[in-house]
Amino acid sequence: MTLWIIENPTFKSVERLALETYPYQMDQGIQKAYENGSVAIFEALNRYGYCSFECLQYATPEKALSFLSDVLNERIFSTWAALTPTAKSDASPVSYSGMFGYGEFPLHSDMANWKMPPRYLVLMAKRGSPSVQTPIVDSAWLVARIGKTELTRALVQPRRPVRGMLPLMRLLEPRASGQSLFRWDQTFIKPVSPAGKSAFDSVVNLLEQAPRFNFCLDKAGSAIVIDNWRMLHGRGAVAKDSKDREVHRAYLGEAA
Ligand SMILES: O=C(O)CCC(=O)C(=O)O
Ligand SMILES: [Fe+2]
């Protein structure tokens, strides 16, 4: 049986999950743990935009992902891919490593240059590092200061074509069921209208002061699910002793 601990620092509660037996052969205790864990993740994501957890046995990441996919009711867009710190010279010039190398990655949403970025991003440490931070910022803080209208009017475009296209997009886009999508990535999107430029600059200026939650994928099994339509994330600088850090990343939800 694979035991998980779902733990949200802001929640102050710890839920134990038994995943291996789901959905079959559940005794009542396991069923309860599963339900509690599902609720904990769902509520934490709704309230805080992220949920950290720990996979005690990093043996079944596939199960972990299909569990999250069930709980969040989103399909797996892409399964685990390994990320390791890479020197600028060894990486594609149009990737974060190519631009920032072992340095800090700026706050961003993943695939902000796509018309529809995936809803959730999951990071799980295979080899953790206590000295590399994963800062997270809630876009609600920015929206409250800059204004919904200004951000919704702000037209942006990918800096380079994505599948041959340079679509016009908005920093804040209303989506079905009252959900909205906030996209941010200074390195992959650019403003294309006066309103776009003004809102873009406001985000750049305010981001410095935005309250951050600093998570740390510090040991094998440390993991976090992030609402990629709401939260921005980054990566702290990687010191010499952390170059063997290995984080796996997966996405949930449609993306296009
Ligand atoms: O290495 C990490 O912790 C995350 C990196 C990241 O955010 C990215 O490559 O988009
Ligand atoms: Fe990212």
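Colleague: How many bridges join strand β8 to β9?

Modeller: In general, strands of a sheet pair through backbone hydrogen bonds, either parallel or antiparallel. Here strand β8 (residues 155–158) is joined to β9 by two bridges, and the strands run antiparallel. To count as a pair, two strands need at least two bridges found by DSSP. Strands themselves are DSSP runs of E, at least two residues long, and helices are runs of H or I, at least four, numbered from the N terminus. Before we go on: this is a predicted model, where local features need pLDDT of at least 70 and side-chain atom pairs count only at pLDDT 80 or more, while totals for chains, interfaces and linings use all residues. Residues are numbered from 1 along each chain as its sequence is written, with chains lettered from A and ligands numbered from 1 in the order in which they are written.

Colleague: Which residue stands opposite V156 in β9?

Modeller: That's M169. The sheet around them is open, with three strands in the order β9-β8-β12 and antiparallel pairing. β9 (169–170) and β12 (189–191) are the edge strands with a single partner each, so one side of each has no neighbour in the sheet.

Colleague: Which strands does α6 touch when it packs on that sheet?

Modeller: α6 touches β8 and β12, and its direction makes about 85° with that of β8. For contact, C-beta atoms placed from the backbone must lie within 7 Å. Angles run from 0 to 180 degrees between N-to-C directions, with axes fitted to C-alpha atoms, for helices over the stretch in contact.

Colleague: How do helix α4 and helix α6 pack?

Modeller: Helix α4 (residues 139–146) meets helix α6 (residues 194–207) at about 125°, and their axes are 11 Å apart. The two are therefore oblique to each other; under 35 degrees would be roughly parallel, over 145 roughly antiparallel, 65 to 115 roughly perpendicular, and the rest is oblique. On the α4 side, L142, R145 and I146 make the contact, and on the α6 side A199, S202, V203 and L206 do. Those residues divide into five nonpolar, one polar and one charged. Ala, Val, Leu, Ile, Met, Phe, Trp, Tyr, Cys and Pro count as nonpolar, Asp, Glu, Lys and Arg as charged, and the others, Gly among them, as polar.

Colleague: What is the strand order in the open sheet of four strands?

Modeller: Read it as β5-β15-β7-β13, with antiparallel pairing. β5 (105–108) and β13 (213–216) stand at the edges with a single partner strand each, so one side of each lacks a neighbour in the sheet. From one strand to the next, the twist averages 20°. Inside the sheet, β7 (residues 133–138) and β15 (residues 231–235) pair over three antiparallel bridges, with I136 opposite H233 in β15. α4 packs on this sheet, touching β7 and β15, and its direction makes about 40° with that of β7.

Colleague: Which residues are around ligand 1?

Modeller: Look for L83, Y96, F105, D110, L123, T134, H233, R235 and V247; the test is a C-beta atom, placed from the backbone, within 6 Å. They divide into five nonpolar, two polar and two charged.

Terms used
Contact = placed C-beta atoms within 7 Å.
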